[in-house]
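The following exercises concern a single protein model. Please study the sequence and the structure before reading each solution.

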Amino acid sequence: MILGVPTLRSVVTALRRYHGKPSAPISRDPFHLILWEQVAYLVPDAQRRRAFSALRAAVGLTPPAILRATSAKLARITRLGGSIAADARASRLRESAELVLGRSDGDLRAALHVPLPQARRALAQFPMIGEPGADKILVIMKRAQVLPVDSNALRVLSRVGLISEGKDYRTTYRRAQETLAPSLPANHEWLISAYALLRQHGQELCRRGAPLCSRCPLRTRCPSSTFPERGA
């Protein structure tokens, strides 16, 4: 027996009880957060953190420091964050540094103190960021009040019945923003935590293939649960 579609708040509360308090963002500096996204790709967060720490220690996290580093050195670091497109990601680090120096006079944080739509567009121009990444950065900076969700989080929200899927990721993301906006609290820390918990749950339990419904704290209220004892 399914007990009914849960609310977003009840989902996040259940996930926090199950997974524990998520780690805080690596930084609140927008350029650091861009580097965090680019230094690794499709790897566990622990590996991404090691690559980011190596970038901080061996190169530095400012645009001038990135541009002073050789391409080979940057590529060695991005390979720590996964083998997929490591050389291309090294080039993206450099491209992002050039964007900050060329368009923002070296201070991205100050450059983002513009109307929110303009700040969002500016961030979305950076490689590997796009709309969702821009939203996440702006929430961490406490500039935006949205729920940034990746594909893992969207899968969780869709399966529990809180959103409906669109034809592609971009459509589903925008539909989720419209659907969830009225229920979001005016609390940036809650939004950041909710993002992390939904993402973790999608990665570890509510996986695309072979979801572990028997271990899911949402199984009694999830219409997509395959656990035979749901509702018991």
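**Exercise 1.** How many residues does the largest nonpolar core have, and which have the most contacts inside it?

*Solution.* The model is predicted, with local features needing pLDDT of at least 70, side-chain atom pairs counting only at pLDDT 80 or more, and totals for chains, interfaces and linings using all residues. Residues are numbered from 1 along each chain as its sequence is written, and side-chain values use heavy atoms, with hydrogens and water left out.

Step 1. A nonpolar core is a set of buried Ala, Val, Leu, Ile, Met, Phe, Trp, Tyr and Cys residues joined through side-chain atoms within 4.5 Å. Buried means under 20% relative accessible area, exposed over 50%, and partly exposed in between (1.4 Å probe, protein chains only).

Step 2. The largest such core has 64 residues, and those with the most contacts inside it are Leu 8, Leu 55, Ile 66, Leu 147 and Leu 198. Helix α12 (residues 188–204) gives the most to this core, namely 6 residues. Helices are DSSP runs (H or I, at least four residues), numbered from the N terminus.

**Exercise 2.** Is Leu 55 buried or exposed, and with which residues is Leu 55 in contact, apart from its neighbours within four places in sequence?

*Solution.* Step 1. Leu 55 belongs to helix α3 (residues 45–58). Its relative accessible area is 0%, and therefore Leu 55 is buried.

Step 2. Contact means heavy atoms within 4.5 Å. Leaving aside neighbours within four places in sequence, Leu 55 is in contact with Leu 35, Val 39, Gly 60, Leu 61, Ile 66, Leu 74, Ile 77 and Leu 93.

**Exercise 3.** Describe how helices α10 and α11 pack.

*Solution.* Step 1. Helix α10 (residues 151–159) and helix α11 (residues 169–180) pack at an angle of about 60°, and their axes are 11 Å apart. Because of this angle, α10 is oblique to α11; angles under 35 degrees count as roughly parallel, over 145 as roughly antiparallel, 65 to 115 as roughly perpendicular and the rest as oblique.

Step 2. Helix α10 contributes Ser 151, Leu 154 and Leu 157 to the contact, while α11 contributes Tyr 169, Thr 172, Tyr 173, Ala 176 and Leu 180.

**Exercise 4.** Where is Asp 105 found, and is Asp 105 buried or exposed?

*Solution.* Step 1. Asp 105 is found in the loop between α6 and α7. Its relative accessibility is 72%, so Asp 105 counts as exposed.

Step 2. Although Asp 105 is not a glycine, its phi is positive, at about 55°.

Conventions: Helix = DSSP H or I, 4+ residues; strand = E, 2+ residues; numbered from the N terminus. Axes fitted to C-alpha atoms, helices over the stretch in contact; angles between N-to-C directions.
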